[in-house]
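Hi,

Here is the structure I promised to pass along.

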Amino acid sequence: MSDQPLFSPRNPWFGISVGVTAAIAVLSAIAGLIWLPLAQPNLKLAGVWDAICSAAGVPRAAVQEAGVKPDFKTSNVVMTSEMLTKVDQVSIGRGATLAQRCAICHGPQGVSDAHSPNLAGQFAAVTYKELNDFKTGARVSVVMGPFAAAMSDQDMKDVAAYYAYLPRVPSDNLDTGRAAPAVVVTGAPMRNIPPCGSCHGDIDNKAGSPWLGGQSAVYIKAQLEAFASGARRNDISQQMRNIARRMTPEEIDQVAHYYEAQP
Amino acid sequence: MLTNRRLIAAHFWLAFIVFGVALVLGAWQMFVRSPLNAWHFNPEFYYRSVTAHGSAMGYVFPTLIAMGFGYAITEASLEKALIGRRWAWAGFFLVAVGAVVAMIPVSLGLASVLYTFYPPMVGNPFYYIGVVMVVVGSWIWVTLMVTNFTIWKRENPGKPVPLAMYANVAGSLLWGWTAVGAALEILFQILPVALGLKSKIDAGLARVFFSWTLHAIVYFWLIPTYIAYYTIFPRAIGGRLFSDAMARISFILFVVVAMPIGVHHLFADPQVGAGFKFMHSVFTGLVALPTLLTVFTICASAEIASRLRGGRGAFGWIGALPWSNPIMLATALSLVMLGFGGAGGLINMSYQLDAAVHNTQWITGHFHLIFGGAIVIMYFAIAYDLWPHLTGRALDSFGLMRTQLWLWFIGMIVTTFPWHYVGILGMPRRMAFYDYANPAISPQAFSVAMSAIGGFILLLSGLLFLLVLIRGQFGVRGEAGAYRFAVPLHMPARIPVALNSFGLWLALMVGLTVVNYGFPIAQLMALKETSVPAVYVGAGR
């Protein structure tokens, strides 16, 4: 064993290993941060410092371009998976009072046969988003628009919390033995349709996707047709419009009746 | 002489039980996503299974092998009992309990985030806590290895540390440092979100932290294999190790350059600058060096053994090698798979070539060939070699061992070669469903079906392996003698202090980490508005 100290300029292992490592690091940094960026004319760099900043990944202000503005109102709700998932008893109580005005169509217990959506047990974030969209005009309805127009943000949260609190009631058309249509389970990859169940429950639930079990088939069908025609446009990234446009009328029918028969 | 046989055997048995379970999951995954299966299952089960398979095979199995083998090396090479036996058991139980804690939420479908975590996806906190327990358990092993190494050096001043122990400590130090990245990611990025304290996560920063771990973890898996190449293989075939110093330099190179290269996993990620990607690419190229040195040294060692047995000619000596010896066979098959896998790796590390294969099945094929093939087949060899010393019974079903090793090799080639091919055709990885009726995808159907058959061959080989070990537990009693490691051609009496210690190499490792990771991490931490809402995983109703 050598008695030489390890960290010493007299130890050749120290000098050579540190020297070689540093040389490789410096050379690769010069190549990666200066030479390669400057060799690319399309980067339009102002000089060496600009090249270093660009290659190091320092963000640069994007060129401001006027975006294409849609000619209709878009939803201003930002969905997150945690949104309105915390239960607040006061909010539910307030919501119960406010919801009396909804009962004529949505039923006193959040369930009705009027082909309007059953709201009992619906995710709070979903009810809240739709109310908000009715208020801003992102979703158009001559019935719901005036109701929502008068509601404050807190009112909408309260009503949403109340309906989320109510238990789901099995539909009159309950038929759990019914086979799921292919589009619900596997989607249609060739037409770029993901499975319905990958967002609307069964497989997974994604933020903002309503629970569809027990909803009126008439209502589901009407909404899918509205998405397909563009009459309804409050799906944030067009996901439902893209899906509905590619569904056949038979698939829309099957899906509507399948979900109506689910708990 | 192995004193703590039960400790070592416990690590190996738990490792191979976990391996067996994960292997069944792997074969199932191969089948369900292949055209052999009409698609009629819940894709969530697939992601659940992939998470369990990856976590078990990536975190638990190789960690236990490295730990168990590390304890065996400590006792056999230093010729004294392990210091810290109780701590070693504590580490073992932490790993075992951590594995269970992590697997429960995964089985329940509450953490189908895949073993690389994929923020902003966030699963049940117990999954991450379980993984942290596994890592902390392995850190106990790291500490024990360093402690035993240091105490032995103090007791034996001037003597070179045996190669096996030197390499073992190199592996443990590499793991100790490289696991820090994933630990930082889990503790500061993911767990606060999983526990509900925060709802946003800086996915880009989290992925950079993970890349800190993600590449060098492969070398941590690899080091027991390389130790077996250098210190078991030459002895098992009746030869000598060609060069002790070359072996030490290989392990040192792994310590220094294996870690600051992980950004090559993020070539398609926007949050790291192109210049740093280039620097990581350069160092990734350097990490091929220790492997090339190793292939040379091992082939030279084999030639020595063959010529001692009477092998002649420029290539004739290859035929004179003891091919019926399972260790010989395993090492040769391992080197073949390492060659193909390494060639694929050189493609992945190149920015331009990676663009063609990034996130395709090519990558899955690549790491299965390297880890499942080249590395795991040597884990089998280590177990075969060590078993008689652990059980005190003969392990003599050589025919079964050779069949098992050949099946593993054939299975791995049949699985991974078609995978590489469909990757070039553009098949994405991490998907439960491929519509083989699609004219654009249908040309991949045959290759995918072939790789699924390879998966079943691997399963068969895995079962045979467990059968051999179980038979070994009931074999004829016989004292196997002291466990020895290969003797180098020139036994080093004095070696340079740099080849007998780690101070310099650790300094270079940390220094290179700062150079290659310092700025990207500091910048991402300083930037505002880089967090995104977490996507919680697990079906909600």
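P120(B) sits in the loop that runs between helix 3 and strand 1 (121-122) of chain B, where helices (H or I, at least four residues) and strands (E, at least two) are DSSP runs numbered from the N terminus. A cis peptide bond links P119(B) to P120(B), with omega at about 15°.

Before I go on, a word on conventions. This is a predicted model, in which local features need pLDDT of at least 70 and side-chain atom pairs count only at pLDDT 80 or more, while totals for chains, interfaces and linings use all residues. Residues are numbered from 1 along each chain as its sequence is written, chains are lettered from A and ligands numbered from 1 in the order in which they are written, and side-chain values use heavy atoms, with hydrogens and water left out.

Back to chain B and its helix 3. Helix 2 (residues 43-78) and helix 3 (residues 85-107) of chain B pack at an angle of about 175°, and their axes are 10 Å apart. The axes are lines fitted to C-alpha atoms, for helices over the stretch in contact, and angles run from 0 to 180 degrees between N-to-C directions. Helix 2 of chain B brings residues including L64(B), M67(B) and Y71(B) to the contact, and helix 3 of chain B brings F92(B), V95(B) and M103(B), among others; contact means heavy atoms within 4.5 Å.

Y71(B) turns up again in the largest nonpolar core, which has 178 residues: along with F12(B), F16(B), F61(B), Y127(B), Y128(B) and W505(B), Y71(B) touches the most other members. Such a core is a set of buried Ala, Val, Leu, Ile, Met, Phe, Trp, Tyr and Cys residues joined through side-chain atoms within 4.5 Å. Buried means under 20% relative accessible area, exposed over 50%, and partly exposed in between (1.4 Å probe, protein chains only). Beyond its neighbours within four places in sequence, F61(B) has contacts that include F16(B), F19(B), F371(B) and Y379(B). Another core lies apart from that one, with 24 residues, C102(A) and Y128(A) among them.

Over in chain A, helix 2 (residues 48-56) has D50(A), A51(A), S54(A), A55(A) and A56(A) buried. These buried residues pack against helix 1 (12-38) of chain A, and also against helix 9 (274-286) and helix 16 (503-526) of chain B. In helix 1 of chain A you will find A29(A), which is buried at 17% relative accessible area. A29(A) is in contact with I34(A) and M279(B), leaving aside its neighbours within four places in sequence.

K44(A) has a positive phi of about 50° although it is not a glycine, and is exposed, with a relative accessible area of 70%. N192(A) has one too, of about 65°, and counts as exposed at 62%.

How many disulfides are there over all chains? The count is 0, taking a disulfide as a pair of cysteine sulfur atoms within 2.5 Å. The sulfur of C105(A) is 9.0 Å from the closest cysteine sulfur, in C102(A), which is too far for a bond.

Happy browsing!
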